[in-house]
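I opened the model to go through its chains and write down what I looked up. The entries follow in the order in which I made them.

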Amino acid sequence: MANKTEISADQAALFQFLLRMGDNTLVLGHRVSEWCGHAPVLEEDIALANTALDLIGQTQLWLGLAGEVEGQGRDADALAFLRDIWDFRNVLMLELPNGDFGQTIMRQFLYDAWSSVMLGRLIKSGDPRIAEIAEKVSKEVAYHVERSADTVVGLGDGTSESHARMQAALDYLYPYVGEMFLSDATDAAMVSAGLGPDPASLRDEYDLLVGKVLDKATLTLPDGSYTHKGGRTGAMHTEHLGHLLTSMQWLQRAYPNSQW
Amino acid sequence: MSDATPDQIVRPDESLIWAWLDDVPDPEIPVISLVDLGIIRGVEWQDDTLVVAVTPTYSGCPATAIINLDIETALRGHGIEKLELKRQLSPAWTTDWLSDKGRAALEEYGIAPPQPAGGPKRCPQCQGENLERLSQFGSTPCKAQWRCRDCLEPFDYFKCI
């Protein structure tokens with residue numbers, strides 16, 4: 001009996017973990033897709049749309065597995081389109097409005113860097129379903145981080161206008177970065193089951209990668225250690241997530257089960 | 001043959017099925033086949049059901065659904081009745097699985113085939129080697145945009161992953 005409860009608690013933690021992974025890619029994918037048709041140059045428009053597409057594809061893998069683990073008959077679409085704000089587990093940084101192009105790219109880089117480090121660990125997950133998604137997705141993320149890092153350098157070490165905008169973006173977004181490295185009971189359960197890393201253990205590798213790129217971009221990390229948090233635990237999202245979901249979910253809400 | 005009763009299941013040879021699949025074009029790059037692309041990972045009879053393992057190129061590639069539909073349509077057209085398409089994620093798709101026939105067809109079509117060095121070897125139009133990258137992304141998730149400085153034409157490069 002005790003054993004049975006333990007297994008279901010593990011499955012609950014795994015479900016939460018998979019929601020965190022899938023909601024990150026879903027919410028960021030939706031934000032990035034908002035640029036479609038609006039980017040400053042055609043090549044960037046195409047690159048942003050491609051990145052959004054990859055992120056939404058990754059969402060299908062993570063949320064698809066989440067639904068399978070949950071075992072309540074919800075698939076990736078049901079999880080994406082029929083949950084409300086309080087059930088989302090993405091970090092707050094990813095639900096913030098895009099801001100200007102520089103802020104969008106800075107956010108992408110700060111996330112891609114985390115994602116590349118995280119996926120490197122998940123490839124070794126004890127759950128082969130997680131390991132194979134990580135193996136697949138890490139190839140795409142390698143492209144994403146190469147592009148976002150190059151663009152951060154190009155704009156940071158660019159004109160005085162682009163430099164100022166990138167520094168402002170970093171100052172605004174950096175207080176949201178810490179949330180990606182906070183650990184809680186869900187993470188502890190993942191670590192003890194050998195399924196995923198302690199997020200805190202990713203920080204050194206992340207700081208090294210981000211520091212190198214920001215140096216080249218002639219940008220300076222802001223002072224202060226305050227961290228906005230609440231997204232990945234679901235404790236409190238920003239007001240922006242509701243607006244995002246309104247736009248993303250309206251069709252399934254207005255016309256349930258519609259297909260085309 | 002003469003012993004076959006009308007309701008007996010005919011199981012065409014797997015090599016024949018591979019040949020049929022080699023006639024199914026990629027929906028976005030129709031000069032190469034799904035077999036050339038390296039996304040058909042296995043063809044196997046399990047009792048009277050044909051199981052075809054397909055791996056996605058990129059996780060969000062919108063062609064995936066069309067590819068599955070095309071496989072199904074083609075095999076049903078050849079009389080396969082019980083068919084199961086299985087998504088296989090691991091090992092993850094790599095451009096190393098592109099066939100030589102496929103690589104040659106890509107170049108002929110104007111898309112530079114993937115190179116381990118990470119960039120195209122030569123311009124698919126004029127064979128010039130003085131090239132520059134315009135963007136890491138292109139008209140589909142699997143391609144990047146490059147330009148030839150000799151003939152000044154832009155071209156697609158099939159990314160190496």
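Helices (H or I, at least four residues) and strands (E, at least two) are DSSP runs, numbered from the N terminus.

This is a predicted model, in which local features need pLDDT of at least 70 and side-chain atom pairs count only at pLDDT 80 or more, while totals for chains, interfaces and linings use all residues. Residues are numbered from 1 along each chain as its sequence is written, and chains are lettered from A and ligands numbered from 1 in the order in which they are written.

**Chain B, overview**

I listed four helices and seven strands in chain B. Along the sequence I read the pattern α-α-β-β-α-β-α-β-β-β-β. Along the principal axes, I found the C-alpha atoms of chain B to fill a box of roughly 65 × 30 × 20 Å.

I then looked up the domains, whose bounds come from an automatic or database domain assignment. Chain B has domain 1 (14–96) and domain 2 (110–158) in that assignment. Over C-alpha atoms, the centres of domain 1 and domain 2 of chain B are 27 Å apart.

For contacts I used C-beta atoms, placed from the backbone, that lie within 7 Å. On that basis seven residues of domain 1 of chain B touch six residues of domain 2 of chain B. I sorted residues by class: Ala, Val, Leu, Ile, Met, Phe, Trp, Tyr, Cys and Pro count as nonpolar, Asp, Glu, Lys and Arg as charged, and the others, Gly among them, as polar. The side of domain 1 of chain B that touches domain 2 of chain B has three nonpolar, three polar and one charged residues.

**Chain B, three-stranded sheet**

I traced an open sheet of three strands in chain B, with order 1-2-3 and mixed pairing. Strand 1 (40–46) and strand 3 (83–87) of chain B are at the edges with a single partner strand each, so one side of each has no neighbour in the sheet.

Strand 1 and strand 2 of chain B run antiparallel and are joined by six bridges. I noted Ala53(B) in strand 2 of chain B as the bridge partner of Gly42(B). Two residues lie between strand 1 and strand 2 of chain B in their hairpin, and Asp47(B) in the turn has a positive phi of about 55 degrees.

Strand 2 (residues 49–54) and strand 3 of chain B run parallel, with five bridges. In strand 3 of chain B, Arg87(B) is the bridge partner of Val54(B), and Leu83(B) is the bridge partner of Leu50(B). From strand 2 of chain B the chain crosses through helix 3 (residues 63–77) of chain B to strand 3 of chain B, a right-handed β-α-β crossover. I call a crossover right-handed if, with the strands pointing away from the viewer, the path from the first strand over the helix to the second runs clockwise.

**Chain B, four-stranded sheet**

I found an open sheet of four strands in chain B, in the order 4-7-6-5 with mixed pairing. Strand 4 (111–112) and strand 5 (131–135) of chain B are the edge strands, each pairing on one side only.

Strand 4 and strand 7 (residues 154–158) of chain B run parallel, joined by two bridges. Ala112(B) is opposite Tyr157(B) in strand 7 of chain B.

Strand 5 and strand 6 (residues 143–148) of chain B are antiparallel over four bridges, and I placed Arg133(B) opposite Trp146(B) in strand 6 of chain B.

Strand 6 and strand 7 of chain B are antiparallel over five bridges, with Gln145(B) opposite Asp156(B) in strand 7 of chain B. Their hairpin has five residues between the strands, and Leu152(B) takes a positive phi near 65 degrees there.

**Chain A against chain B**

I counted 21 residues from chain A and 15 residues from chain B in the contact. On the chain A side, helix 2 (42–70) and helix 5 (128–156) of chain A each supply at least two residues. Helix 2 of chain A gives the largest share, 11 residues. By class, the side of chain A that touches chain B has eight nonpolar, four polar and nine charged residues.

Note on methods: Contact = placed C-beta atoms within 7 Å. Pairing = 2+ DSSP bridges.
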